[in-house]
Each structure stands twice: as C-alpha cells, then as structure tokens.
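Dear colleague,

Please find below the structure that I am handing over to you. My notes on it follow directly after.

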Amino acid sequence: MYQQVLSQQQQYFASGVTKDLNWRKQQLKQLQLLLSTHESELLHALQQDLGKPAFEALLSEINYLHTDIKHCLKKLTSWARPRRVGTGLRTFPAMAFIQPEPYGSVLIISAWNYPLQLALAPLVAVLSAGNCAVVKPSELAPATSAIIARLLPLYLDKEAVVVIEGGVAETTELLKLPFDHIMYTGNGQVGKIVLRAAAEHLTPVTLELGGKSPVYVDSSADLKLTAQRIAWGKWLNAGQTCIAPDYILAHKDIAQALAEEIKAQLHQMYGDDPKLSPDYGRIINLRHLQRVRSYLDGLDVYCGGVVDEEQLYFSPTLVLDPPLDSRLMTEEIFGPVLPLLPISSFDAAVRFVQKRDKPLSAYLFSNNSTQQQQWVEQISCGSQCINDVLMFMAVSELPFGGVGPSGMGQYSGKAGFEQFSHLKSVLKRPLWPEPPVRFAPYADWKRKVLGWLS
Ligand code: NAD
C-alpha cells in the first residue's frame with residue numbers, strides 16, 4: 001500500500017508540477033493559512049499531548065513555523081536561481097552554473113517533543129526545495145499526529161504531500177521503500193535503523209538526533225541573568241527539548257551561588273508549586289517519566305524531585321555534583337532534571353566536553369572574550385550560544401543540525417532548502433570549433449599546453 005503511495009508521488013514529481021516556484025510558494029502560503037486558521041485547535045492538541053502552555057506552543061512551534069515560512073517565501077526565488085560560477089581557460093568559451101534541483105519524494109519521520117514543529121519545519125524545507133513528502137508524525141503525540149493527518153490534506157496539494165500515521169511497524173514498512181531522501185528526527189538508536197534501511201537504496205539521509213548538551217558557567221558571568229536564561233531553556237517543555245542544557249559545569253567559585261540562583265529563578269517562574277503553574281508542561285508518557293525518575297535513584301536532590309505519575313508531572317529538579325558514572329551523567333536526560341557540577345577551570349570544562357560525544361549544542365556563559373573565542377574554536381557541536389541557550393533557533397539564517405552522534409545534515413532557512421536540493425553542476429559550451437588540445441593523438445606539444453592550462 002505504501003509502495004503505491006510512493007509510486008504515485010514519484011509519478012507526480014516527474015510531471016514537474018512541484019518544481020514550479022509558484023507551486024512551492026503556494027504550498028507555503030497554504031501552510032501559513034493552516035497555522036493561522038487552526039491555531040486554537042493546534043494549541044489544544046499540544047496541550048493534550050504535552051500539557052504545553054499556549055505561550056510555549058506559540059513561541060516554539062506555531063510562531064516558529066510562521067517565521068520560518070515567511071523567511072522561505074522571501075528568499076525562495078533567489079535560493080532557487082542558478083548560481084553562476086567562473087570557468088577558466090580549460091573550458092573557454094563556456095559558462096557554468098549550479099542548478100539546485102529537488103530530489104523527488106522525501107520521507108519525514110518526526111519526534112514527539114515538538115510534534116508540530118518537528119513535522120512541519122522539515123516539510124517547509126522539503127516543499128521549498130520542490131519535493132513531494134510523506135510525513136510520519138510521532139505516534140507518542142497522538143493528538144498532534146491526528147490533527148496533522150486531518151489538516152494537511154485540506155490545505156496542501158494531496159498528490160504531493162501525504163501523511164501516514166503510525167509507530168514502529170508503519171515506519172519500518174515505509175523505510176523499506178526507495179524514497180529519494182529521508183529526514184529523521186529522534187534518538188540515535190533509531191537513527192542507526194534509519195541509516196541502515198536507507199543504505200539499501202543508497203538514499204541520502206538527514207538525521208536530527210540528540211545527546212548531552214553542556215553548559216559552562218564562568219565566574220565572570222552575571223549569575224542572576226545566567227540562571228534565568230538557563231532555567232528558561234531547561235524547563236521549557238518540561239525539559240523535553242533536544243537542545244536543552246543537559247548538564248552544567250560551573251566554575252567552583254560560583255557553583256553553589258549559581259545553584260541558589262537557579263532555585264530562586266524556578267520559584268520566580270513557576271511559584272511555590274510548579275504543579276499548579278499553568279506555565280509548566282507535562283511529561284509525554286509514563287515510560288519517559290519513569291525513565292527520567294530512575295536517573296535520580298541513589299542521588300541527592302538539591303531541589304525538586306517531585307513526581308505525580310497520574311498527572312505525568314515531574315517538578316523542575318536540580319542535582320548537585322552527581323557521580324560521573326551515574327545514568328544522569330552518561331545518558332541524555334531529555335526531561336526536567338538538571339545536574340550541576342563544580343569544575344576547576346574553563347580549560348577543564350573544555351576538556352570535559354571534548355572527551356565526550358559531540359553534542360547537539362554547547363553553551364557558554366562568560367564575560368571573558370578569550371574564553372568565548374576558545375569555546376567556539378575548541379568545541380565541536382551542532383550549534384552554540386554564548387551567554388544564552390536555545391536562542392540560535394530564533395535566527396532563520398542559522399543552520400540547525402548536529403554533528404557526529406548528534407546528527408548529520410542541517411535545515412532551517414537556506415540550509416534546509418539546500419538539504420533537500422541536489423546542487424547540480426552544469427557546464428554550457430557553444431558548438432564552436434576549438435584547438436584540438438584534448439583529443440588524441442596526444443602529441444608532446446599538447447602535454448605542454450596542458451601544463452600551461454593547469
Ligand atoms: P520518538 O519516539 O517520537 O521517535 C521518533 C520517530 O521514530 C517516531 O516517528 C517513531 O515512530 C519512529 N520510530 C521509533 N522507533 C522506531 C523503530 N524501531 N524503527 C523505525 N522508526 C521508529 O522520539 P524519540 O526518539 O524519543 O525522540 C527523542 C530523541 O530525539 C532525543 O534524543 C532528542 O534529543 C532527539 N531529538 C532531536 C531533535 C533535533 O532536531 N535534533 C529534535 C527533537 C528530538
């Protein structure tokens with residue numbers, strides 16, 4: 001059945017309809033219309049799936065998508081244009097250009113934590129580049145998956161965009177098919193499954209994965225502001241953000257003070273009991289709640305640690321100096337627990353991060369410009385913020401994606417357009433006679449000319 005969906009899409013793609021720039025722009029505008037017309041239903045679905053406060057859902061999902069689409073609409077014509085490049089004597093007379101062309105049909109497999117954004121932002125890039133798409137939302141966010149499946153066919157070209165709901169069984173079937181590109185967002189274990197399946201058809205793959213994103217806080221940082229920014233980025237969506245701070249390395253001189261500031265900020269943001277706050281989300285399901293809670297086994301909690309299974313509530317939790325071999329420090333937390341470890345120096349923090357997997361993000365809070373420069377030069381990761389967390393997502397021109405175990409490939413803005421375009425090289429020459437340098441017989445004088453031309 002899925003084979004038929006793909007064959008029909010590939011046929012439609014071959015007709016050339018989706019390559020037309022007006023068609024692409026029309027699809028993007030339809031997505032805008034969908035988002036504004038159904039905003040309250042979408043907010044409701046996100047509330048059902050994750051207890052997501054409306055403000056957070058607007059900020060990180062709906063408005064994020066609006067900004068992304070607006071940016072693509074503004075830039076698409078120039079991105080899609082053939083890009084002239086120089087030629088040189090060897091091909092004279094000639095002109096050369098790079099022609100971005102869509103791949104065909106792209107499979108988008110998305111995750112549950114930002115279930116709308118992670119399904120539609122890749123779709124924005126895929127459509128901007130002129131592809132068809134099969135969208136497979138996460139089954140762990142069923143309300144959002146259902147609304148995506150209901151609304152996309154009402155707004156988008158049904159021949160070009162198909163939503164298939166389901167879980168492991170459905171995704172496994174889809175992965176057997178020869179898509180022209182696969183875009184997967186989720187954990188690295190499944191990332192490997194996706195990559196193996198893609199290898200069978202030599203299908204190019206984009207993997208948006210996770211990992212442990214570190215923060216280093218130097219003694220030169222303003223602790224109150226630092227605590228406020230970290231607390232916001234960590235406990236947004238109840239800590240279920242792939243680029244959320246996973247652990248803090250704090251200079252030993254300020255580690256205790258920083259912990260106190262973070263606790264104070266939590267109180268400021270969510271009040272005496274975060275469970276009663278309308279601004280604090282919930283854990284996606286019991287399995288994930290129990291997974292994160294198990295990381296606390298045997299550890300002392302500095303603040304938080306309160307869990308209500310029935311309500312899928314897990315309070316904002318800070319743990320000081322956990323052992324490095326605890327699961328809290330060896331696995332991606334992906335929940336509302338934040339370990340804070342004192343460390344002797346900036347250099348020790350850099351070494352600490354370098355010794356581990358390349359993270360999706362790495363954050364530095366410091367007023368020291370040498371440290372700022374070194375953090376950029378010495379830490380390899382997907383993205384960085386200096387003196388903030390998460391906020392690079394607000395810049396459409398910044399590519400988003402991991403490196404090494406945190407992912408491969410990038411999207412957002414132009415990076416997304418290029419991720420789902422093949423950059424085809426074209427050399428164009430006139431049919432004019434030319435000196436017979438490159439043709440056999442390869443006389444000695446031709447070797448000399450070859451030398452001059454190289
Ligand atoms: P998930 O459980 O929603 O799974 C992601 C997708 O993979 C789903 O659509 C699911 O149906 C599919 N899937 C699951 N198991 C499969 C299997 N065995 N075979 C084929 N398909 C399968 O999400 P998750 O993996 O729990 O997501 C959390 C992880 O994703 C974290 O590591 C997080 O850091 C990462 N993440 C990364 C980004 C990013 O943009 N880099 C964004 C969000 C989440």
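**Salt bridges**

The structure holds 13 salt bridges, a salt bridge being a side-chain nitrogen of Lys or Arg within 4 Å of a carboxyl oxygen of Asp or Glu. Side chains of opposite charge can pair when their charged atoms come close. Please note that this is a predicted model, in which local features need pLDDT of at least 70, side-chain atom pairs count only at pLDDT 80 or more, and totals for chains, interfaces and linings use all residues. Residues are numbered from 1 along each chain as its sequence is written, and side-chain values use heavy atoms, with hydrogens and water left out.

One of the salt bridges joins Arg150 to Glu41, with 2.6 Å between the closest N and O atoms. Arg150 belongs to helix H6 (residues 142–155) and Glu41 to helix H3 (residues 39–50), so this pair ties together parts that are 109 residues apart in sequence. Helices (H or I, at least four residues) and strands (E, at least two) are DSSP runs, numbered from the N terminus. Arg150 is partly exposed at 43% relative accessible area, and Glu41 is likewise partly exposed, at 30%. Here buried means under 20% relative accessible area, exposed over 50%, and partly exposed in between (1.4 Å probe, protein chains only).

A second pair is formed by Glu61 and Lys52, whose closest N and O atoms are 2.5 Å apart. Glu61 counts as buried, with 0% relative accessibility, and Lys52 is also buried, at 2%.

Asp253 sits in the loop between strand E9 (247–251) and helix H10 (255–270) and is exposed, its relative accessible area being 56%. Its C-alpha atom is separated by 19 Å from that of Gln228, which is 25 residues away along the chain.

**A buried loop residue**

Thr18 lies in the loop between helix H1 (2–14) and helix H2 (21–37). Is Thr18 buried or exposed? Thr18 is buried, at a relative accessible area of 0%. Its side chain reaches the backbone oxygen of Gly130 at 2.8 Å. This is a polar contact, that is, a pair of N or O atoms within 3.5 Å; within protein, one must be able to donate a hydrogen and the other to accept it, and residues adjacent in sequence count only if both atoms are side-chain atoms.

**The ligand**

The shell around the ligand has 27 residues, of which Ser138, Glu139, Asn187, Leu209 and Glu332 come nearest; a residue is near if one of its heavy atoms lies within 4 Å. Taken alone, the ligand exposes 850 Å², and the protein buries 92% of that (Shrake-Rupley method, 1.4 Å probe).

Helix H7 (168–175), strand E6 (181–185) and helix H8 (188–200) each supply at least two residues of this shell. Domain 1 (2–209 + 402–426) and domain 2 (214–394) both contribute to the shell, so the ligand lies between them; the domain bounds come from an automatic or database domain assignment.

Yours sincerely
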